[in-house]
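Hello,

Here is the structure I said I would pass on. My notes on it follow below.

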Amino acid sequence: MTPRVSRRGLFGLAGAGAALAGAGVAAGYGLDAATSPGPSATVEFRGPHQAGIVTPAQDRLHFVALDLTSTDRGAVRDLLQRWTIAAERMTSGRETAEGGAIPANANAAPADTGEALGLPAASLSLTFGVGPSLFTRLGLDDRRPAPLADLPRFQGDRLDPARSGGDLCLQACADDPQVAVHAVRNLVRDGFGVTEVRWSQLGFGRTSSTSTGQATPRNLFGFKDGTNNLKAEEPELLDEHVWVGDEGPDWLRGGSYLVARRIRMHIETWDRSSLDEQQLIVGRDKGEGAPLTGTAEFDPADLAAIGPGGPVIPADAHIRLASAEANGGVRMLRRGYNFVDGSDGRGHLDAGLFFVAFVRDPQRQFVPMQRALARHDAMSEYLEHTGSALFAVPPGLTGPDEFWGAGLLGR
């Protein structure tokens, strides 16, 4: 998963006089990918963990959930092998197949749709996962790990079944939206006859940093988001909170669980709230991002501090209820994105946060935290959860012949 620069990209950077020598080395990256290396960078496809988890978060997302249209395990296995080959090629900036976009035989349909021709890899990462329903469809219920159970319905949820669930998922992240869309489009196309799209989501402007080399981004409420997120440079914490250990089945050890939630943000109502009210709801100041008990963004929040009117950070403040202290030490690696999906037909933007988090056990980590937020978070007044899904993300591929899903479905 180590981001690197292709030969083509290296010449481009040299021509621009970019001074990148040695950047990011301390963090274990070949280049300063943690601070947006630009469109020429590539992300290693193979490694102990799948790319797109601790990879420095890119700027754009295309996420798709798919359902199986075939219960033939062999057909599914063959598709996942084809997907792996195509994904590895695309993450290195190549077509899905050699000469795929412009085939020698003009009477043949191109193997690659072609919209990424001439574009660099743009730090594209592709991440694959399986949903709870896949195991039932393929008669593999005995291989489904207990934490991979449908998420419960939380207070205030207004979930749309057409935006929830899925047998499989693909997460494409890149610094060029066309590269991400091209990747998903071509994998979906190759799945015809075996899979079909259940739902998909485009995202922009990452809402979390996954490396210490990245600045904390802002969400559509205008606040810095994910200040205390887990980082790639914290391997011990990742082992504790993100990677599945010996408690998981063989095919999932070293992998993770992906929680996806589509959260509509009622930004028009929020925008009419006073700055003081917004800051009390969040528990941080809007400019610096400091907790209300501090002066700098990364100052620890003093949840015990009492002011003239009560707790300085209110009991229903978002950062209090989402904190590790309030949740038995539980933490998550967040990797969400903003979205604006047109309008809602009632004069408002359909905008919000596509929340993505990677956890070691969703039932122990995500579910209790979300229950607390749904019941007590003052921010809930401005939020509406409209989509929900959970997927198991197998470990990365280390051998040259390994492919997605081989550990689960066999070779």
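This is a predicted model: local features need pLDDT of at least 70, side-chain atom pairs count only at pLDDT 80 or more; totals for chains, interfaces and linings use all residues.

Residues are numbered from 1 along each chain as its sequence is written, and side-chain values use heavy atoms, with hydrogens and water left out.

Domain 1 covers 44–96 + 110–142 + 162–203, and domain 2 covers 216–230 + 246–398; the bounds come from an automatic or database domain assignment. Their centres, taken over C-alpha atoms, are 26 Å apart. In the contact (heavy atoms within 4.5 Å) are 38 residues from domain 1 and 27 residues from domain 2.

About 2400 Å² is buried between the two domains, 64% of it on carbon and sulfur atoms. Buried area is the accessible area (1.4 Å probe) that two parts lose on being put together, summed over both. Ile53, Arg163 and Gln201 lose the most area on the domain 1 side, together 23% of what that side buries.

From UniProt, an unreviewed entry lists residues 50–204 as "domain: Dyp-type peroxidase N-terminal"; UniProt positions are given in the numbering used here, feature names are shortened, and annotations may be inferred rather than shown by experiment.

Regards
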